[in-house]
Every structure is written in C-alpha cells, then in structure tokens.
Amino acid sequence: MTPSASFSLEGRVAFIPGGYGDIGRAVAWQLARAGASVAVAGRDAGKAQALAAELQRAGHPALGLALDVRDAAQIRDCIARVAEHCGALDILVNSVGMQREQRIDDVTEDTFDEIVRVNLRAAMFLAQAAARCQVAAVQAGRPPGQQVHILSVRAQLGMRDRGYSAYCATKGGLVQLI
C-alpha cells in the first residue's frame with residue numbers, strides 16, 4: 001500500500017526504536033513509502049540492519065542500529081547517531097514494549113522493574129533525547145517534528161487475573177507521560 005500523494009514525508013527523518021518487531025516493521029515501511037529516511041533500532045543489531053537492508057533494496061534510505069533502551073546513555077548516543085548520519089531527526093515512533101506474564105501475586109521485583117524500565121522509563125528518555133534534536137532543528141529553520149508512542153488498549157483497560165498488571169501499569173503511565 002502506497003500512501004497518498006498528499007501524505008509526503010520527503011526530506012524527513014524517522015527513528016523507530018523497536019522498529020523490527022511486527023508493528024515497528026509496518027510503521028517503518030509506511031514511513032519509507034511516504035518518503036522518509038528511516039532509522040530502526042533494537043537490541044538485536046542484526047535484525048535492525050536486516051530491515052534497513054530490505055528498505056534500501058526497495059530504494060529507501062535506511063539505517064539499522066543496535067539499541068538497548070534500558071540504558072539511557074545508549075538512547076542519547078543512538079539518537080545522536082541518527083541525527084548525525086541522516087542530518088536530522090524529525091519523527092520518533094516509539095515501538096518498544098515488553099510483557100512478562102505473571103499474575104499479580106507472582107510478580108517479582110525484577111520483572112516489574114524490567115517492564116517499567118523498557119515500557120515507561122525508556123519512553124521518557126527517548127522522548128527527551130528526540131525532543132532536544134527536534135527543538136534544535138526548529139531553531140535552525142526546519143519544520144517541527146512529531147513523536148508517536150505506541151500504546152495498547154491496556155493503557156486504559158486492565159486485564160484482571162491474566163498476568164498483565166505490570167504491563168497495564170506502564171502503558172497507563174505512558175498515557176500520562178506523553
């Protein structure tokens with residue numbers, strides 16, 4: 001599916017952490033088809049680079065990077081690399097997320113902390129680092145950028161007795177964060 005001519009992202013740069021997962025992959029392809037240069041990142045550098053290579057073979061500018069969003073310094077470094085390599089960072093589509101199914105009476109501190117670190121804390125520092133690039137770009141005369149954080153219906157509607165308490169709490173927190 002090709003976006004309509006009225007939806008052009010020519011000259012724009014999109015960064016998609018979590019970009020090689022199912023949702024991120026679909027977003028990456030659509031943004032590329034709309035004309036954006038696309039950078040995808042995730043913990044598995046090989047998967048990110050493989051998707052970037054697919055996009056490049058189809059004629060789209062793309063970059064694949066390793067990124068562990070549990071590390072705020074890596075987030076800042078990765079965003080700086082995208083902006084340096086591509087000349088800007090206009091669009092952030094945060095497609096990072098995880099779930100560890102544990103009933104509320106079985107959730108461990110380590111599991112809860114990991115889900116919070118990936119789903120909520122990472123979103124904060126991805127948004128912050130991207131916003132710094134976007135503000136600087138606007139000050140230099142570039143059009144304003146955008147940020148999208150992929151949520152879930154579970155941000156508003158929990159799942160009782162299904163082992164999603166930590167996941168739902170982080171997605172709900174993300175609604176308030178953004």
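The sections below cover the basis of the model, the chain as a whole, and two residues.

## Basis

This is a predicted model, in which local features need pLDDT of at least 70 and side-chain atom pairs count only at pLDDT 80 or more, while totals for chains, interfaces and linings use all residues. Residues are numbered from 1 along each chain as its sequence is written, and side-chain values use heavy atoms, with hydrogens and water left out.

## Fold and dimensions

The protein chain has five helices and five strands, arranged from the N terminus as β-α-β-α-β-α-β-α-β-α. Helices (H or I, at least four residues) and strands (E, at least two) are DSSP runs, numbered from the N terminus.

For 178 residues, a compact globule would have a radius of gyration near 16 Å, and the 17 Å of the protein chain agrees with this. The radius is taken over C-alpha atoms, and the globule rule is 2.2 Å times the number of residues to the power 0.38. Along the principal axes, the C-alpha atoms fill a box of roughly 50 × 35 × 30 Å.

## Contacts, burial and surface

Of the contacts (heavy atoms within 4.5 Å) between residues at least 6 apart in sequence, 67% join residues at least 24 apart. Buried residues account for 43% of the 178 residues; buried means under 20% relative accessible area, exposed over 50%, and partly exposed in between, with a 1.4 Å probe and protein chains only.

The accessible surface is about 9400 Å², and carbon and sulfur atoms hold 51% of it. Areas come from the Shrake-Rupley method with a 1.4 Å probe; for residues, only the protein chains shown count as cover.

## Histidine 149

Histidine 149 belongs to strand 5 (residues 146-149). Its relative accessible area is 9%, so histidine 149 counts as buried. Its side chain makes a polar contact of 3.1 Å with that of asparagine 94 and another of 3.5 Å with that of glutamine 147. A polar contact is a pair of N or O atoms within 3.5 Å; within protein, one must be able to donate a hydrogen and the other to accept it, and residues adjacent in sequence count only if both atoms are side-chain atoms.

Beyond four places in sequence, histidine 149 touches Leu92, Asn94, Ala123, Ala127, Leu174 and Ile178.

## Histidine 60

Histidine 60 sits in the loop between helix 2 (45-57) and strand 3 (62-66). At 18% relative accessible area, histidine 60 is also buried.

Its contacts beyond four places in sequence are Trp29, Ala32, Arg33 and Leu55. The C-alpha atoms of histidine 60 and leucine 31 are separated by 9.8 Å, with the two residues 29 apart along the chain.
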